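User: Can you walk me through this model? I'd like to start with charge pairs, then go to other topics.

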Amino acid sequence: MMTADRHDTHDTHEGGIHVKDVCMRFGKGADAVIALDEVSFDVADGGFAALIGPSGCGKSTMLRLIADLLQPTKGSVTVGGRAPSELRSQRRIGFVFQDHALLPWRSVVDNIRLPLQLSRQRSSDNRAGVSDLIKLVGLEGFEAARPAELSGGMRQRVAIARALVLAPEVLLLDEPFGALDEITRQRLNLELLRIWSETGTTAVLVTHSLSEAALLADEVIVLSARPGRIQACIKVPLQRPRTLEQMKTAEFHTVENALREALFGEALQ
Amino acid sequence: MKRLRDLVLPAVVFVVAIAVWQSAHSAGSLPRSVASPAQIYSELLDRHELLWFHSRPTLISSLWGFLAAAAAAFGLALIVAFAPKMGRSVYAAAVVVASVPLIALTPILVLWLERGSAVRITIAAIASFFPMLIGAIEGLTHVSKDRAELFELLSASRWQRVMRLQMPSAVPLAVAGLRAAGAGAILGAIIAEWSGGSGARGLGTLMSTALFGFNVPLTWLTIAVTVVLSIGAYFVVSLITSVAIRRFGHV
């Protein structure tokens, strides 16, 4: 089994995400809850990492620390050598929320344009053209539709396009497909891989699905709950581009079993 | 089919209630101060011109009061949206205003503003203000957590947040407040008239004249008209705001 001390061989490489000795405490005194305890890991520039763990392990909190939506009690997070706050103020962070967080009064195209409007950029000089993005996430023909008229899977496609419209340095995904049925979910998993490889952005996915983590990520970071600690970092040696076919292979099952063991440990015996 | 049933059932209940009321009156089991539906109806046929003469200024003042209150409520709610710390103070002040007995306020306002439409409009505004304010503030301040985080992630300014997130999110609750306030404006105008705040014309004036002149059918007719106008206000506001609901109504 692989261990969590991968960051001992800290590379000097500037790109990617570096999380070092991060602690996150909510509340004060006796009521304080330690959400994350001494968490360290790296995600290579252009890499794909998955955070997995039981509920209460702080995986969503970790994602919000990278996004500068929360600030760590202790430790540091850097993205491409810079502080998350700097990246956020430059709007270089893409975030896909669990329940899509689309604005229901806006059409698909206006939802995707929202980050452009908030950053006062004209659509003409946006870094990734809106119409190209709509094509990339497969929503041609639905530009004028309202979120209410779309299926759950299509709403998440819009949310992904919106997260990518400012060509972010990192794409953070908080259980984006958690509410979808298995078939839609696997289809979107593959689409996400295609989109990720076409944009070249660094991605971090929070999920509670072992197979989703194994299918998508280069490396899966397994967290334990209360307090959230790194249980294991497991590399996924599967070739890219990944396919659903690979999910049937022995290699895939080996990865899944390693994840299962890291998550449940002795309970499996 | 379902829509039909939705209409038929209340209609049946209404007709049955009228029939019971009428037969109870004929049997003499109601006090003399209660008019029968037939008496009220014939009073309506005889006096509809007088009724319109008195209802028109009441309606116009209710409308102005309603609009003034809406402007004040939405203005205050916007201030709270930009300065959330003001929320508690605004709420406290609004509760005090809503708790003032309007019937006592009218004579005070008459001394101040003199008898006339201004008093009626002011009382109508105060009577309809509170639900609008609550709806607008609650709507502006209760934004879904994910959407709030999205705007934070995108470093949105407070102005952008209010204009592009909070205001559109507020529409359903603000509209609910407007609907609830419509009847309040009409009742407020009538209270002002009833307690002598607006001179010789007004539905409330007609009501009090009929009441103190022991004209039972006319008193009941004015009550019935008040009820109809209040219900009508609810539906008119609903109809006008349904456009906003269609545009901004949530999934």
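Analyst: Start with a network: salt bridges link A:Arg64, A:Asp174, B:Lys145 and B:Glu149. A salt bridge here is a side-chain nitrogen of Lys or Arg within 4 Å of a carboxyl oxygen of Asp or Glu. This is a predicted model, where local features need pLDDT of at least 70, side-chain atom pairs count only at pLDDT 80 or more, and totals for chains, interfaces and linings use all residues. Residues are numbered from 1 along each chain as its sequence is written, chains are lettered from A and ligands numbered from 1 in the order in which they are written, and side-chain values use heavy atoms, with hydrogens and water left out.

User: How many salt bridges cross the interface of chain A and chain B?

Analyst: The rule finds one there. A:Arg64 and B:Glu149 meet through their side chains, N to O at 2.8 Å.

User: Which elements of chain A give two or more residues to the side that touches chain B?

Analyst: Helix H2 (84–89), strand E5 (93–96), helix H3 (108–118) and helix H5 (152–164) of chain A. H3(A) gives the largest share, four residues. Helices (H or I, at least four residues) and strands (E, at least two) are DSSP runs, numbered from the N terminus.

User: And how many residues are in contact between chain A and chain B?

Analyst: 27 residues of chain A contact 22 residues of chain B. Contact means heavy atoms within 4.5 Å. The buried area between the two chains is about 2,300 Å². Carbon and sulfur atoms give 59% of that area. Buried area is the accessible area (1.4 Å probe) that two parts lose on being put together, summed over both.

User: What is the count of residue pairs in polar contact between chain A and chain B?

Analyst: Nine, with both residues at pLDDT 80 or more. A polar contact is a pair of N or O atoms within 3.5 Å; within protein, one must be able to donate a hydrogen and the other to accept it, and residues adjacent in sequence count only if both atoms are side-chain atoms.

User: Back to A:Arg64. Is helix H1 of chain A, residues 59–66, mostly buried or exposed?

Analyst: Seven of the eight residues of that helix are buried, so the rest of the structure largely encloses it. A:Arg64 is one of the buried residues, as are A:Met62, A:Leu63 and A:Leu65. Buried means under 20% relative accessible area, exposed over 50%, partly exposed in between (1.4 Å probe, protein chains only).

User: What comes just after H1(A)?

Analyst: A:Asp68, which takes a positive phi of about 65°.

User: How many salt bridges are there over all chains?

Analyst: A search of the whole structure finds 18. One of them joins B:Glu193 and B:Arg120, with the closest N and O atoms 2.7 Å apart. B:Glu193 is in helix H7 (residues 158–194) of chain B and B:Arg120 in helix H5 (residues 117–141) of chain B, so the pair ties together parts 73 residues apart in sequence.

User: Is B:Glu193 buried or exposed?

Analyst: B:Glu193 counts as buried because its relative accessibility is 2%. B:Arg120 is buried as well, at 3%.

User: Which residue does A:Arg157 meet in a salt bridge?

Analyst: A:Glu191, at 3.2 Å, N to O. A:Arg157 is in helix H5 of chain A and A:Glu191 in helix H6 (residues 182–199) of chain A, 34 residues apart. Both A:Arg157 and A:Glu191 are buried.

User: And what about A:Asp21?

Analyst: A:Asp21 forms a salt bridge with A:Lys20, closest N and O atoms 3.6 Å apart. A:Asp21 is partly exposed at 29% relative accessibility. A:Lys20 is partly exposed too, at 39%.

User: New topic: chain B packing. Where is B:Leu105, and what does B:Leu105 touch?

Analyst: B:Leu105 is in helix H4 (residues 102–113) of chain B. B:Leu105 is buried, with 19% relative accessible area. Leaving out residues up to four places away in sequence, B:Leu105 touches B:Val100, B:Ile123 and B:Ile126.
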